[in-house]
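Student: I would like to learn how to read a fold from its contacts, strands, cores and aromatic rings. Could we go through one model together, feature by feature?

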Amino acid sequence: MPPSLARRFLRSSTLVLAVLGYLALAACTPSNDNDWQGYVEGEYVYIASSQAGRLDRLSVLRGQQVALGAPVFMLESGDEAAAQRQAQHQLSAAEAQLADIKSGKRPQEQEITRAQLAQAQTTATKAALQLSRDQIQFQAGGIAKQQLDDSRAAAETAAAQVRQWQSQLAVDRLPNREAQVRAQQAQVAAAQAVLEQADWKLAQKNVTATRSGLVFDTMYREGEWVAAGSPVLRMLPPENVKIRFFVPETVLGRLQVNQAVTLGCDGCQANVAAHISYISTESEYNPPIIYSNQSRAKLVYMIEARPAPADALKLHPGQPLEVRLP
């Protein structure tokens with residue numbers, strides 16, 4: 001058995017034996033209709049991380065009171081930090097590509113197209129002038145019709161090239177097609193989601209208290225490997241402290257939820273006020289778990305009461321109490 005599990009088993013067994021021993025003693029203690037024996041119980045909050053890793057720092061000790069949001073432990077996070085940086089770079093690359101798609105071609109690329117357009121315009125001007133001269137020469141009978149046709153074809157080709165480069169320059173100034181923009185926007189959103197996931201995983205390595213209260217126990221020491229979801233510490237918030245006691249059926253009708261009761265204990269300087277929070281609908285043997293031939297026919301009902309959080313700090317799990325009606 002791992003050392004951490006062995007420590008938890010021994011502490012839990014000690015508490016169970018203490019409670020059972022107290023219940024056996026309480027069975028022999030007479031009580032009146034307004035006075036019952038009870039004990040303190042805690043509903044623990046187990047603090048764990050969803051990620052596995054080596055326990056690098058344990059920031060709290062057993063018996064320490066911690067506030068909500070206070071750092072309690074940290075796991076090694078080298079891999080998660082690297083994944084976060086990778087996700088940040090991927091998002092930056094996707095955003096830059098989206099901006100490039102929206103802006104069209106760069107000014108240097110547009111300048112190349114303008115130069116080619118100017119060259120085509122010059123060629124077209126020369127071809128037009130040559131066509132004009134050849135038309136005059138043809139009318140004078142100086143050239144053959146074939147040469148005139150060649151000049152006319154050259155002029156038309158040069159003019160077509162001018163229109164081509166004019167259209168190309170207009171296209172260069174436009175952003176890419178809307179479908180390409182939407183596709184890249186989806187890539188940016190995907191990269192953003194990956195970054196958020198990396199941020200969350202990294203944050204899971206630095207765990208803070210989810211509730212304020214008492215650090216009741218720690219399950220690991222610094223340097224030990226902690227499995228994902230395995231509790232590193234057990235906390236007892238003051239609002240999770242409750243008192244359990246058992247009343248006979250004849251008294252059950254006089255009790256109701258939210259009814260006030262008074263708690264007394266050895267060493268308490270004053271009684272502690274509490275309110276009934278739960279009344280069981282199922283009967284049990286008296287006392288629970290341990291019973292004798294004389295008492296097994298007597299059925300009791302379990303009652304739970306909760307003190308105010310400020311008063312709960314005075315009580316400890318397993319502590320015997322006397323519960324009275326005011």
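Student: What share of the contacts with a separation of 6 or more in the protein chain comes from residues 24 or more positions apart?

Tutor: In this predicted model, residues 24 or more positions apart account for 76% of the contacts in the protein chain that have a separation of 6 or more. The secondary structure behind that figure comes to seven helices and 14 strands.

Student: Which residues have the most contacts inside the largest nonpolar core?

Tutor: The general idea is that in soluble globular proteins nonpolar side chains tend to be buried together. Here the largest nonpolar core has 24 residues, and those with the most contacts inside it are Trp36, Ile243, Phe245, Leu255, Val261 and Leu263. The elements that give two or more residues to this core are the strands S1 (35-42), S10 (241-248), S11 (260-264), S12 (272-285), S13 (299-307) and S14 (320-324). A second, separate core of 18 residues includes Ile47, Val226, Leu233 and Met235.

Student: Taking Ile243 as an example, which residues is it in contact with, leaving aside its neighbours within four places in sequence?

Tutor: With those neighbours left aside, Ile243 is in contact with Tyr39, Val40, Leu263, Ile303, Glu304, Ala305, Pro307, Leu315, Leu321 and Val323.

Student: How many aromatic pairs are there, and how should I read one of them?

Tutor: A pair of aromatic rings is described by the distance of the centres and the angle of the planes. The count here comes to two aromatic pairs. Trp36 and Phe245 form a stacked pair, at 5.8 Å centre to centre and with 20° between the planes. Because Trp36 lies in strand S1 and Phe245 in strand S10, this pair ties together parts that are 209 residues apart in sequence. Trp36 counts as buried at 3% relative accessibility, and Phe245 counts as buried at 0%.

The pair of Tyr44 and Phe216 is tilted, with 4.8 Å from centre to centre and 50° between the planes. Tyr44 lies in the loop between S1 and S2 and Phe216 in strand S7 (residues 213-218), so this pair ties together parts that are 172 residues apart in sequence.

Student: Is Tyr44 buried or exposed, and what lies over its face?

Tutor: With a relative accessible area of 19%, Tyr44 is buried, since the cut-off for that class is under 20%. Arg234 lies over the face of Tyr44, at 4.5 Å from the ring centre.

Student: Which residues cover the two faces of S9?

Tutor: In a regular strand the side chains alternate between the two faces of the sheet. In S9 both faces are covered: Leu233 and Met235 on one side, and Arg234 and Leu236 on the other, are all buried.

Student: Where does Ala312 lie, and which residues is it in contact with beyond its neighbours within four places in sequence?

Tutor: Ala312 lies in helix H7 (residues 309-312) and is buried, with a relative accessible area of 3%. Beyond those neighbours, Ala312 is in contact with Pro238, Val241 and Pro307. Ala312 and Pro238 are 74 residues apart in sequence, yet 5.4 Å apart in space, C-alpha to C-alpha.

Student: Is Asp266 buried or exposed?

Tutor: Asp266, found in the loop between S11 and S12, is exposed, with a relative accessible area of 78%. The C-alpha atoms of Asp266 and Gln319 are separated by 9.3 Å, and the two residues are 53 residues apart along the chain.

Definitions and conventions: Residues are numbered from 1 along each chain as its sequence is written. This is a predicted model: local features need pLDDT of at least 70, side-chain atom pairs count only at pLDDT 80 or more; totals for chains, interfaces and linings use all residues. Side-chain values use heavy atoms; hydrogens and water are left out. Helices (H or I, at least four residues) and strands (E, at least two) are DSSP runs, numbered from the N terminus. Contact means heavy atoms within 4.5 Å. A nonpolar core is a set of buried Ala, Val, Leu, Ile, Met, Phe, Trp, Tyr and Cys residues joined through side-chain atoms within 4.5 Å. Buried means under 20% relative accessible area, exposed over 50%, partly exposed in between (1.4 Å probe, protein chains only). Rings of Phe, Tyr and Trp (its six-membered ring) pair if their centres lie within 6.5 Å; planes under 30 degrees apart count as stacked, over 60 as edge-to-face and the rest as tilted. A charge sits over a ring if NZ of Lys or CZ of Arg is within 6 Å of the ring centre and within 35 degrees of the ring normal.
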